[in-house]
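Dear colleague,

Please find below the structure that I am handing over to you. My notes on it follow directly after.

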Amino acid sequence: MATKMSIAQPLDRSSQQRTKAWRVATSIGVSFKYAAAGVTYAFNTQRNFRIHCVMGTLAITIGALLHLTGVEMAVICIVSGLVLTLELLNTAIESVVDLTVGQTYHELAKIAKDCAAGAVLISAFASVLVGLCLVVPKVLVLFAH
């Protein structure tokens, strides 16, 4: 018979089972598989995620064509990754909210979804500003000659 663990007892990760988990990753490879499934789901179902992927790829390509420095390219990669990350979190939050409230309207559900979408919007605006700060000076130099 299983005994309940008290808060004071240390967790034995090798034998502990997550009874309420749908599936538990049995290895790092399986963890990567689940993560890839999440990214694939977002890419296949979320128009904005696809738009952000295209824009990030475009920004990186333009940066490479303009011979941005390694640090400048790293900044573009970081802000592009941040936008994609927040889009994934937005999708997750929307899914959990929908699971919770179903087809009913709830003001708190609206707030959660709107705030998550707002986080993506702010990160997208910030990434555009970063891109402009890094690309415009290089383009001006190209057209000045």
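**Confidence of the model**

The mean pLDDT of the protein chain is 89, and 86% of its residues reach 70 or more. Please bear in mind that this is a predicted model. Two stretches call for caution. Over residues 1-9 the pLDDT stays under 50, and the model has three contacts beyond four places in sequence for them. The pLDDT is also below 50 over residues 11-15, a stretch with two contacts in the model beyond near neighbours in sequence.

**Helix packing**

I begin with helix α1 (residues 28-45) and α2, whose axes come within 5 Å and cross at roughly 100°. Angles of 65 to 115 degrees count as roughly perpendicular, and α1 and α2 are therefore roughly perpendicular to each other. On the α1 side the contact is made by Val39, Ala42, Phe43, Asn44 and Thr45, and on the α2 side by Arg47, Phe49, Arg50 and Cys53. By class, this contact of α1 with α2 has five nonpolar, two polar and two charged residues.

Helix α2 (residues 47-65) also packs with helix α3 (residues 70-101), at an angle of about 180° and with the axes 10 Å apart. The two helices, α2 and α3, are therefore roughly antiparallel to each other. From α2, the contact draws on Asn48, Phe49, His52, Cys53, Gly56, Ala59, Ile60, Gly63 and Ala64. From α3, the residues in the contact are Met73, Ile76, Cys77, Ser80, Val83, Leu84, Glu87 and Leu88. Sorted by class, the contact of α2 with α3 has 11 nonpolar, five polar and one charged residues. Phe49 and Cys53 of α2 take part in the contact with α1 and also in the contact with α3.

Helix α3 in turn packs with α4 at an angle of about 170°, the axes being 9 Å apart. That makes α3 roughly antiparallel to α4. The residues of the contact of α3 with α4 comprise 18 nonpolar, three polar and six charged.

**The largest pocket**

The space in the largest pocket amounts to about 490 Å³. Its lining consists of 19 residues, of which Met55, Gly56, Ala59, Ser127 and Val128 are the closest to the centre of the pocket. Two of these, Gly56 and Ala59, also belong to the α2 side of the contact with α3. Which elements give two or more residues to the lining? They are α2, α3 and α4 (107-144). Helix α4 gives the most, with eight residues. By class, the lining has 14 nonpolar, five polar and no charged residues.

With kind regards

How values were computed:
Residues numbered from 1 in each chain as written. Predicted model: local features only at pLDDT ≥ 70, side-chain atom pairs only at ≥ 80, totals over all residues. Heavy atoms only, no water. Axes fitted to C-alpha atoms, helices over the stretch in contact; angles between N-to-C directions. Helix = DSSP H or I, 4+ residues; strand = E, 2+ residues; numbered from the N terminus. Parallel < 35°, antiparallel > 145°, perpendicular 65-115°, else oblique. Contact = heavy atoms within 4.5 Å. Nonpolar A, V, L, I, M, F, W, Y, C, P; charged D, E, K, R; others polar. pLDDT = per-residue confidence, 0-100. 1 Å grid on protein atoms, 1.4 Å probe; cavity = no way out; pocket = protein on both sides within 12 Å on 5 of 7 lines; lining within 4 Å. Points joined across faces, edges and corners; volume = space filled by probe spheres on them.
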